[in-house]
Amino acid sequence: MSTSDASEQKGRRSQRWKPLAAFTLAIAAVNGQTSTPAGAESLEKCASTPVRKEIRSLSTSEWQAYRTAVNQAQEQGWNDWFGWMHDQVAGPIHGNAKFLVFHRRFIADYEQILQRYNPSVAIPYWNALVDYQQPAASSVLGDDYFGKDGDAGSECVTSGIAGSWSYKLSTTTCLMRKFNGGNGAINSWYSPEYMTSLLQTTTDYADLRNKIENSLHGAVHLAINGAMSTMYSPVDPVFWIHHSNIDRLYAQWQAVSPGERTFMYTGVDGDKKPPIYSVMRLGFGKQASGDANKLSSNGNLRKRSAQKCGQRDYAQQLVKQLPKEVVGKFFPKFAAGNSHPLENELTTLSPLKPMAADGEKPFHSKQACESHRGKMPAPPKLTPDWLKMQGACTEEVAKLEADAKSFVDSLNKASYLSPYLVHD
Ligand SMILES: [Cu+2]
């Protein structure tokens, strides 16, 4: 492994792990084998933290910098390696409490590899929620960015950032995708409305882990399909922007009630107390003496400010359109008038919006189409093969999916008009 000039830049971060050392830590964490588990009180504030932005809000030069770093990592085999590593540790890190914390560390490790090539890059997140109705139409899956479906025969992706990539460690030589809607289409997944409700009604870590892993997380993996529906999924560059989004949702949930939630760790394997604390508080990590109670900042989590006057407010529209009891059941914080900006996913980021690199502002309101009133698509279901691979609790998932369907049915019954439905 040669080091680039970038990696020689001095003292930018307090931690500069060699990747293998980082992985030893990560694996020790999941197995709970370290003899001196780091407590929450021993976290030191990081010297600097990368800021992750929505992929469509990157400037042209930010996107080019990210793309170049990802390609440099590809040339040195890192994408292949992370795919292989994810497969190696697949069993213990899915379907239980470790899912959210392991993947937080996993993407941070990949991000550090990219920063060897360019210290200014951070993994953007893909707010896939806003693309939920017709995901394949998203500019994120366009030729200029992450590429389209695989070829009908070979399933090899030939466009976008990974269009010419090949692998040695993975089970295939090209990047394979097979969008689950057939003929290049992708079936609808989970909506911003659903995620807003999930964030507002979930108070326990175990519950959050199950709901996030088995709703948006699994749905996007299965929808892109090909490599993404295997344990080699990190070979697809979409993996990183997708998991960056999953991590954002976890971070937002934590930040709504940091005192209770920052170090909350419950559920299956939640009793094993591995040294996971080092990833639970954003902006803190190095194990050193200190007092967690004094540390109140939330690192790189960007707080969303309230909507400006005159700007379309999707949350207000939703509350206006739905009967009180529906708002009370699914959006208790809206009903009580005390919602935190971080538990509101009803952003004005619009589907079908070109990348910021195309010269337009990514965040703008969209005129809802009357003919879509009461027509939110039903949420998807995970497949038996996927549930088996993830080691998921099938009863838990069946309940989650039934609840998600009844959520959509309730909104449709009230003739709710989702601003995220795409005009035909
Ligand atoms: Cu995973």
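**Reading the copper site and a helix pair**

Modeller: The model is a predicted one. The copper ion has as its protein donors His-86 (NE2), His-94 (NE2) and His-103 (NE2), at 1.9 to 2.1 Å from the ion.

Biologist: What spacing do the donors of the copper ion follow along the chain?

Modeller: The spacing of these donors is H-x7-H-x8-H. His-86 belongs to helix 4 (residues 78-88) and His-103 to helix 6 (residues 98-117), so this pair ties together parts 17 residues apart in sequence.

Biologist: Is His-86 buried or exposed, and which applies to His-103?

Modeller: Buried means under 20% relative accessible area. His-86 is buried because its relative accessible area is 2%; His-103, at 5%, also counts as buried.

Biologist: At what angle do the axes of helix 7 and helix 8 cross?

Modeller: The axes of helix 7 (residues 192-201) and helix 8 (residues 205-224) cross at roughly 170 degrees and come within 11 Å. Angles over 145 degrees count as roughly antiparallel, so helix 7 is roughly antiparallel to helix 8.

Biologist: Which residues make the contact?

Modeller: Helix 7 contributes Tyr-194, Met-195, Leu-198 and Thr-201, while helix 8 contributes Leu-208, Lys-211, Ile-212, Ser-215 and Leu-216. By class, the contact has 6 nonpolar, 2 polar and 1 charged residues.

Biologist: Is Lys-211 buried or exposed, and with which residues is Lys-211 in contact beyond its neighbours within four places in sequence?

Modeller: Lys-211, found in helix 8, is buried, with a relative accessible area of 18%. Apart from those neighbours, Lys-211 is in contact with Leu-198, Thr-201, Thr-202 and Leu-400.

Key. Residues are numbered from 1 along each chain as its sequence is written. This is a predicted model: local features need pLDDT of at least 70, side-chain atom pairs count only at pLDDT 80 or more; totals for chains, interfaces and linings use all residues. Side-chain values use heavy atoms; hydrogens and water are left out. Axes are lines fitted to C-alpha atoms, for helices over the stretch in contact, and angles run from 0 to 180 degrees between N-to-C directions. Helices (H or I, at least four residues) and strands (E, at least two) are DSSP runs, numbered from the N terminus. Angles under 35 degrees count as roughly parallel, over 145 as roughly antiparallel, 65 to 115 as roughly perpendicular and the rest as oblique. Contact means heavy atoms within 4.5 Å. Ala, Val, Leu, Ile, Met, Phe, Trp, Tyr, Cys and Pro count as nonpolar, Asp, Glu, Lys and Arg as charged, and the others, Gly among them, as polar. Donors are N, O and S atoms within 2.8 Å of the metal (3.2 Å for Na, K and Ca); water is not among the atoms, so sites may look incomplete. Buried means under 20% relative accessible area, exposed over 50%, partly exposed in between (1.4 Å probe, protein chains only).
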